[in-house]
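Subject: Structure for you, with notes

Hello,

Here is the structure I promised to send. Please open it next to this message and read the two together.

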Amino acid sequence: MNKILIIEDEQAIAELEKDYLEMNGFEITVCNDGLSGEETAISGDFDLIILDLMLPEVDGYEVCRHVREVKDIPIIMVSAKKEDLDKIYGLGMGADDYMTKPFSPSELVARVKAHMSRYSRLVAAKKSSGNEIMDIKGLRIDKTSRRVFVGGVEKQFTTKEFDLLVFLASNPDKVFTKQELFKEIWGMESVGDITTVTVHIKKIREKLEDDSSTPRYIETIWGVGYRFKVS
Ligand code: CA
């Protein structure tokens, strides 16, 4: 796990990044514009991407968005303007990290190593424990580390939201009543209102769905309850 793609139009910066990363044992490919960068990122087999924001042909925003649709490898975005990085962060484009130019090469190497090791743990967990990872229509649930990724982007779940999602996803296409879900997730002894279930389903949908009115994952069966759709 050591292949890095640098997408950067300023030759001097690309060379500097390349030199330092090569010294640290990484194998580097450089693309100097957004179009070739995007194509190379998608067709190639890289473990991490360093992506400049301002690029000829296709800018870094677009490259990030398109790559993220098909790959979950770490993406570190770099820009000369801090405001631009704040904007990217606000857009939630799925980049894993942001650096403002100029940065020290050692800082870049440190961040690359950190993201690489986090990602390799993720991949290792997926490989070593087949049924601990659920991959369903762009949704990944890591039961071991209790993390949820939608289109490669991590979403934060509370304990009960996570348990409810896993229970439903583990029983695809089966309809459960709110009472059944309440009993399953909150336990028989729990004293509570079953509208808790409704509230939790709503919260889960906000994190999973682009459009909550036509859910892709958790469907409401009117007058009965909910089911996790796989078809
Ligand atoms: Ca640039």
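Below are my notes on the calcium site and on several helices.

First, a caution: this is a predicted model.

Calcium site

Which residues coordinate the calcium ion? They are D9 and D52, each through OD, and M54 through O. The distances run from 2.1 to 2.3 Å. Along the sequence, the donor residues follow the spacing D-x42-D-x1-M. Is D52 buried or exposed? D52 has a relative accessibility of 3%, so it counts as buried. M54 is exposed, at 56% relative accessible area.

Helix α3

Helix α3 covers residues 60–70. Its buried residues are G60, Y61, V63, C64, V67 and R68. Viewed down the axis of α3, they fall within an arc of 165 degrees, so they line one face of the helix. An α-helix has 3.6 residues a turn, so residues three or four places apart point the same way. The face of α3 turned away from the buried side carries E69 and V70, both exposed.

Helix α7

Helix α7 spans residues 178–186. L181, F182, I185 and W186 are its buried residues. Why do they sit on the same side of α7? Their arc around the axis is only 100 degrees, which puts them there.

α6 against α8

Two packed helices are described by the angle between their axes and the distance between the axes. For α6 and α8, the angle is about 80 degrees and the axes are 10 Å apart. That makes α6 roughly perpendicular to α8. By class, the contact has seven nonpolar, one polar and four charged residues. On the α6 side are K160, E161, L164, L165 and L168. They meet V197, H200, I201, K203, I204, K207 and L208 in α8.

H200 deserves a separate look. This residue is found in helix α8. Which residues does H200 touch, leaving aside its neighbours within four places in sequence? Its contacts are K160, E161, L164 and W186. K160, E161 and L164 are in α6, while W186 is one of the buried residues of α7.

Best wishes

Terms used. Residues are numbered from 1 along each chain as its sequence is written. This is a predicted model: local features need pLDDT of at least 70, side-chain atom pairs count only at pLDDT 80 or more; totals for chains, interfaces and linings use all residues. Side-chain values use heavy atoms; hydrogens and water are left out. Buried means under 20% relative accessible area, exposed over 50%, partly exposed in between (1.4 Å probe, protein chains only). Helices (H or I, at least four residues) and strands (E, at least two) are DSSP runs, numbered from the N terminus. The arc is that of the directions from the helix axis to the C-beta atoms. Donors are N, O and S atoms within 2.8 Å of the metal (3.2 Å for Na, K and Ca); water is not among the atoms, so sites may look incomplete. Axes are lines fitted to C-alpha atoms, for helices over the stretch in contact, and angles run from 0 to 180 degrees between N-to-C directions. Angles under 35 degrees count as roughly parallel, over 145 as roughly antiparallel, 65 to 115 as roughly perpendicular and the rest as oblique. Contact means heavy atoms within 4.5 Å. Ala, Val, Leu, Ile, Met, Phe, Trp, Tyr, Cys and Pro count as nonpolar, Asp, Glu, Lys and Arg as charged, and the others, Gly among them, as polar.
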